[in-house]
Structure formats: C-alpha cells, structure tokens
Amino acid sequence: MGKGTDKMYITHSEWSGEFGGMQFGGVQARKQTEAFKKLPFYCCSLSLQPFEFPYCTPEGIIFDMTNIYAYIKKFGTNPVTGEKLELRSLIKLNFYKNTDDEYHCPATFKVFSDHTHIVAIKTTGNVYSWEAIDRLNIKAKSWKDLITDEPFTRKDIITIQDPHNLEARNLSNFYYLKNNIKLIDEEEEKARSDPLYDINVVATGSAGKILAQITGQPEQSLETQIVNKEENKSLETSPRSQMSTAFVKAKPKKVPYNAAHYSTGRAAASLTSTAMTPVTENDHALLDEEEFMFKEIKEKGYARIVTNMGNLNVELFCDKSPRTCFNFIMLAKQGYYTNVIFHRKIKNFMIQGGDPTGTGKGGKSYWGKDFIGEFKSNLSHNERGLLSMANQGKNKNSSQFFFTFRPCTHLDNKHTIFGKIVGGKEVLDKMESVSTDETDRPLQEIKITSLLVFVDPFDQYQKKLQKKIAREKADPVKAITLQPKSEKDTTTWFGRTLIQDPKTKLEGEGIGKYLQSPSASKKRNADVEINDIPSNESTKKKAKPTGYDFSDFSNW
C-alpha cells in the first residue's frame, strides 16, 4: 500500500505528504506521484512478455536473450537504467518448474509468486528462494550451490525480486519507456519513409487513384503495398500493447463429470497456513467414480440363481441399495458364487449362503474388504423371499447373503435388503423342507451351480458414460447444445410446460402474435373433453400382483 510495497498500511508522513492532502510545500509537495506498474518476475524487462531464454544483469534485471541482443548491438546501454551494458556481463539463469508448469524453488519446492523473495547464484545461474539460501547456505555457513555443489561467495547472490523493494520492477522508471526508445528494423524504416505509411488508402475511396498518381505507382501495386504495410504493423513491438497482452486471461477449466459441489479447500488452507503453497483458485473436489455412479443408478437389475434344486429368479434393488447390488453383480460375473453351497438353514426363518469355504466364516467382497450397509425406510424384512446381506457386525458386509422364509422385521437396520425372489417360489419351498443337523447345516447339499445376470444397470451406465465422454471430446460445443433437458428444466411447480413445441407457430402480427389462435384453443378444449371421458379399460378391476410376475426369464 505505502511506497509501492506490500504492507497493508501507510505511515503518517506518507499520508501527509505523498498520499494525503496535507502538503505544505517543500520536496514532497513538488514531487509528482506516478502510477505504480509492477513487472512480474517471469517477464522480460524489454519486451514485457514471459521470457524463454532468461538472462540477467549483475543488478538482477531480467531480459530475454532474443530481445536484449539486438538492443545492446544497436544502443549498447541497459534499457532499464540507461547505463552502458555489454553482452558478456549478462548471466544465464536456470529457472525450475514443477509438474503444474509453475516456477518454484528447487530446494524448498515452494511456488514463486509476486510476494516471494527470489535470488540467483551468479556462478551457476540457478534461481532459488531467499528462504532456502538463508537457511541452507548463510546460516549453515555452507557456501556451495544447493544443486551443483559449486562454491560461491555472498557477493555472488543476485536479487531477482524483493517484495520489500519493488521500485526496481516499476515500469514507470524504465529508461527506454520514459524516452520512448524502440527497436526499428531497416525494412520498417524504409516503410516509414513512404508518404502513405500512416494513410489508410482503402478508406480514401476514389482518392486512391489520385494518391497512386502522386506516388507514381499503379493502383494494384498500391493495394499489395497496403497488405504488406499492415503485416509490418502487426509485427511492430509497442511496449504499451505488449504490456496489455502480457497478462492473458486463462481459459476456463473443463469441469469433470464427477466434480463435487464443494471445493478441495486448498485455497482456504493456503491462506491460513504458511507451510502450504499459495493457491488462488478453487478447484472442485472429485468424487469417487463408483460413489458418483451409485447416485446415478435409477433402475433395477435382474439375475437368476441356478441351484441343484431349481432356479431362483431375483430382482435386485440397484436404485435403493446400489453398493450392495454392485458387489453382488460383480462377484456373480467373476464366477465367485459358482459351486458355492447354502451352509445354514433355519426353518421358518432363513437360508444362508455365499461363502466359498462353506463354513460361514469366509467370503470377501468385490473390493477385498468389508463395506458399509445401506438401509432405507421403505425396505423392511416383512415378507417371504427377500434377499438380504449376512454380516459379522455393523458395516461388515462381504459376500454372504440369505433368503427369508417369513417376515423378520427384527432384522431391519441390521441387514441390508438388496433384492427379492420374483420367480421360483416352489424351489424356495423345497429348500425349506430340507432337514438340518444340530448346527443348522442342511443334511442334503444345496449348491449354486451358476449365477446369471440378465440386467446390469451399472454396465449400462458405464457404456452411456463412455459414449458421452467420447462425444464431448469430438465436439464439445455440439455436446452441450444437444444435451437433453431434464423434466425439472421444462416444468414448473404447477406442472405446466415451459418450452413450446417448435412446430407450433403463433399466428398474427404485432400484438396478436402473442395471442393464441382460436383454433388452437378449441383444439385444446376438445382434448380436455376427450380426456375427461373414462375408458372401459380403466373401469376393469386389475388383479392384485402377487410378487411372482417374472416366473420365467426365457423371453428375455
């Protein structure tokens, strides 16, 4: 704030003299304050553009070799100070970047910013932060380069940027900008000697013929000269125009499909912590791909459990218990349940299986570890034939499951319900009739020979997602414009459609174009009258579903 520094206050003398209105004459009153324009550390002091081949003077002024070479050859002075400068006195700098293409200190790995004290070693040209040199070299009295191990002295430390002394990087103090010194090529000097150099001949119209006669050139060659002149003007290096292009607005980042509505919190953490690298942008936190997929599944799955006693057709509640259904389907596709027995059966209660060891103590989930349960208020163990997960405690689900023989509401919120039997009720009756021993183990072996998955909503979602990503990569603009609108975008709270059918046209001109035609209103009334008449089919009493509508999946 004060004197071009980064401090957040001004002193009394600054307020009374330089910034305030209490000026009583003297040097401070006569001093003309100029606008402070700071040059970033990563820009050349001559072109005001980001450098590619950085070189610096012994005073720490950075130039790009492609720009300073021609300037020194012509003027032999320093563009910033106006003093004499030779090419051999320039020092090559070695800046280091991280994986995010940002300049950082190779010792502390902290990213350079406008508030970082940056220094360079004259003997090696390596650029570090002052914090690294102060702690690892000066205080440790180890006068060797931190990377090359080459010795140096304290005089070899060159200050590139000092946040407490910004006058060295003030553009208003640059010598060549004050005196309007520019590098002009020989071709451009010849072009400036042309009397038509600053005249827009195209805009003169018929006067172009007169100008052509004055210059003694034919009209066609004059047009070609105009084109060449415009090309030369585009190559002209204007400090003011280049300074405006030095700070280009970054392109907006593409938001990933699994981006969360909250950020990573890195910007807030870097603001309150000095140990973290400063972050000025809030990035979206990325959700786990599977967790994101579970929220998008709105359909049910269907599978068939083939046993030595018959087939059990089950409906999977993928929309209500997505994590559990995904584990069951993936294990089934891997053949995990093939030749696995039902190791436990209690009459009028349940039959349990899914353990490859057949002991009731084994089994692993698809992820190789236990996963949490999923409980819904509208799912209850209140009927026969429900498919639920067996566990060893809270949030310790693996691969074992069981079918209920009767309502068991005391299992609610303890075991995850993820399906029910929709075909094969007689097979479940056979299983219940099998006698057991003292340990509730069936005396007759009940084995799962195979498990077939007919409908997998997770696989369908993955295929749609891949097509969507490929379409966005091919034509991102078209993918956004052709994105189908959801029901929320087209209806209000009252259920009225917001988007009009493009085929319908409003008749009339002027005010009448906002009014609906009488024919359209009549047609709407007729549709309402027709819809109000009850049909004979709706009056027929529908049969109550028994829960076993999908007795056979052969038609699939």
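Arg-135 and Glu-131 sit 4 residues apart in helix α4 (residues 130-138), so about one helical turn separates them. Helices here are DSSP runs of H or I with at least four residues, strands are E runs of at least two, and both are numbered from the N terminus. The side chains of these two residues, Arg-135 and Glu-131, meet in a salt bridge, at 3.5 Å from N to O. The term salt bridge is used when a side-chain nitrogen of Lys or Arg is within 4 Å of a carboxyl oxygen of Asp or Glu. Side chains of opposite charge can pair when their charged atoms come close.

How much of each partner is accessible? Arg-135 is exposed, with a relative accessible area of 54%, while Glu-131 is partly exposed at 30%. For these words, buried means under 20% relative accessible area, exposed means over 50%, and partly exposed is in between (1.4 Å probe, protein chains only). The pair also belongs to a network of salt bridges that links Lys-110, Glu-131 and Arg-135.

## About the model

This is a predicted model, in which local features need pLDDT of at least 70 and side-chain atom pairs count only at pLDDT 80 or more, whereas totals for chains, interfaces and linings use all residues. Residues are numbered from 1 along each chain as its sequence is written, and side-chain values use heavy atoms, leaving out hydrogens and water.

How many salt bridges does the structure hold? There are 13 salt bridges. One of them joins the side chains of Asp-134 and Lys-139, at 3.8 Å from N to O. Asp-134 counts as buried, at 19% relative accessibility, but Lys-139 is exposed, at 60%.

Now look at helix α15 (residues 457-474), where Asp-459 and Lys-463 lie 4 residues apart, about one turn of the helix. Their side chains meet in a salt bridge at 3.4 Å, N to O. Asp-459 is partly exposed at 32% relative accessibility, and Lys-463 is exposed at 51%.

## A buried residue in a loop

Where is Phe-371 placed? Phe-371 lies in the loop between β15 (350-353) and β16 (386-391). Phe-371 is buried, with a relative accessible area of 6%.

Leaving aside residues up to four places away in sequence, Phe-371 touches several others, including Arg-323, Met-389 and Asn-397. A contact of this kind means heavy atoms within 4.5 Å. Phe-371 and Asn-397 are 26 residues apart in sequence, yet their C-alpha atoms are 5.4 Å apart in space.
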